Amino acid sequence: MKFRIILLLTIVCIAVLSCKNKEINAELKIIDLSSFGSVNMIKEIDGKIYVLNSTGSSVYKFDGSSLSLFRDLEIRGRDFLLDFDIEGDKVYYSNTYDEVFVSSGSVIEDTIKVFNPDRIAIIDSLLYVTSRMPEDGDIYLKLIDIESGIEINRIRLNDTPESEMKFAQVAMAEDSGSLWLMNPFRSKLEKYNGDLNIISAFDLPCDYQYGNFDVHDEEIKIISSKDNYISILNINLKDGKDELKPVINSADIDIMTSCVSGKKTVIYDYISQSIIIL
């Protein structure tokens, strides 16, 4: 009798999970990116979602269910772009050659020399950039004046020396002229002012991995991963309460390339080379 009850409960659980997966799959929209090569960033800027094709040195704009070419940068021999940001008509691109390109079209108009750049954010014509690899054991957040190319300030993001680091471990997002940063070395979300002082911080559960995030209407949404299950962690900025919402079960999602916004989540499957819109 006990065995029958356990068997019945197991069957019911499988049926429920099966229905749940069908509901999730029914809502998915998938865009094939296999012709792109490397996709290093999907980012929401001013309510629009853009995709960085680093192999093709181009940026595409997401138009609800498809992608259209936004910028096609002419680069010869230096086409490994890491990140991008947009301010006005200017697009800024970080690359592995210690440079940040500036362009309002297809031609590079200016180059800012930045040692070891990775993630970038442009706020009030200032360049915020994180270290791609440890610099004598330290990972930095640097602040650079775009016009002069001079480094104004820098701070360490790690409290203990780091000997190894993968690309794109630190995520950033802008909120009303301030910079939010997901600091994996402290397991915190940290908010910085223009002097690179921390003015607010939230602890993150240590048993998850965290990727890109969005700050909108007094709420932070951050893509997280645990045991191959992708979830969205919602943090209320007023009371600090958090809630975890499961999204999809997959081991092939790059949470540091994927994008979450106030309206939708766009996740990147690096094995099938496609983006999934939820």
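These questions and answers walk through a predicted model, from its strands to its rings and its core.

Student: How many residues of strand E7 are buried?
Tutor: Strand E7 covers residues 90-95. It is mostly covered. Of its six residues, the number buried is five.

Student: In which sense do strands E6 and E7 pair?
Tutor: Strand E6 spans residues 81-87. It pairs with E7 over six bridges. One link joins Glu87 to its bridge partner in E7, Lys90. The sense of the pairing is antiparallel.

Student: Which residue in the turn of the E6 and E7 hairpin has a positive phi?
Tutor: The hairpin leaves two residues between E6 and E7. In that turn, a phi of about 65° belongs to Gly88.

Student: In E8, what is the bridge partner of Ser94?
Tutor: E7 also pairs with strand E8, residues 99-103. That pairing is antiparallel and runs over five bridges. The partner of Ser94 in E8 is Val100.

Student: Which residue takes a positive phi in the hairpin of E7 and E8?
Tutor: This hairpin has three residues between the strands. The phi is near 60°. The residue is Asp98.

Student: How many aromatic pairs are there, and is the pair of Phe36 and Tyr60 stacked, edge-to-face or tilted?
Tutor: The count comes to four aromatic pairs. The ring centres of Phe36 and Tyr60 lie 4.7 Å apart, and their planes meet at 35°. Stacked needs under 30 degrees and edge-to-face over 60.

Student: Is Tyr50 buried or exposed?
Tutor: Tyr50 lies in strand E3, residues 48-53. Beyond its neighbours up to four places away, Tyr50 touches residues including Tyr60, Phe70 and Phe84. Its relative accessible area is 7%. The cut-off for buried is under 20%, so Tyr50 is buried.

Student: What distance separates the C-alpha atoms of Tyr50 and Phe70?
Tutor: Along the chain, these two are 20 residues apart. Their C-alpha atoms are separated by 8.3 Å.

Student: The charged end of which residue sits over the ring of Phe84?
Tutor: Another such arrangement has Arg154 over the face of Tyr140, at 4.4 Å from the ring centre. Over Phe84, the charged end is 5.3 Å from the ring centre. It belongs to Lys43.

Student: Which side chain makes a polar contact of 3.2 Å with that of Asn183?
Tutor: Asn183 is in strand E15, residues 178-183. At 0% relative accessibility, Asn183 is buried. A polar atom of its side chain lies 3.0 Å from the backbone nitrogen of Phe185. The 3.2 Å contact is with the side chain of Glu190.

Student: How many residues has the largest nonpolar core?
Tutor: Nonpolar side chains tend to be buried together in soluble globular proteins. Strands that each supply at least two residues of this core include E14 (171-175), E15 and E18 (209-216). Among the residues with the most contacts inside it are Trp180 and Leu189. The size of this core is 28 residues.

How values were computed:
Residues numbered from 1 in each chain as written. Predicted model: local features only at pLDDT ≥ 70, side-chain atom pairs only at ≥ 80, totals over all residues. Heavy atoms only, no water. Phe/Tyr/Trp six-rings, centres within 6.5 Å; stacked < 30°, edge-to-face > 60°. Lys NZ or Arg CZ within 6 Å of the ring centre and 35° of its normal. Helix = DSSP H or I, 4+ residues; strand = E, 2+ residues; numbered from the N terminus. Buried < 20%, exposed > 50% of the residue type's maximum accessible area, 1.4 Å probe, protein only. Polar contact = N/O pair within 3.5 Å; in protein donor to acceptor, adjacent residues only side chain to side chain. Pairing = 2+ DSSP bridges. Core = buried A, V, L, I, M, F, W, Y, C linked by side-chain atoms within 4.5 Å. Contact = heavy atoms within 4.5 Å.
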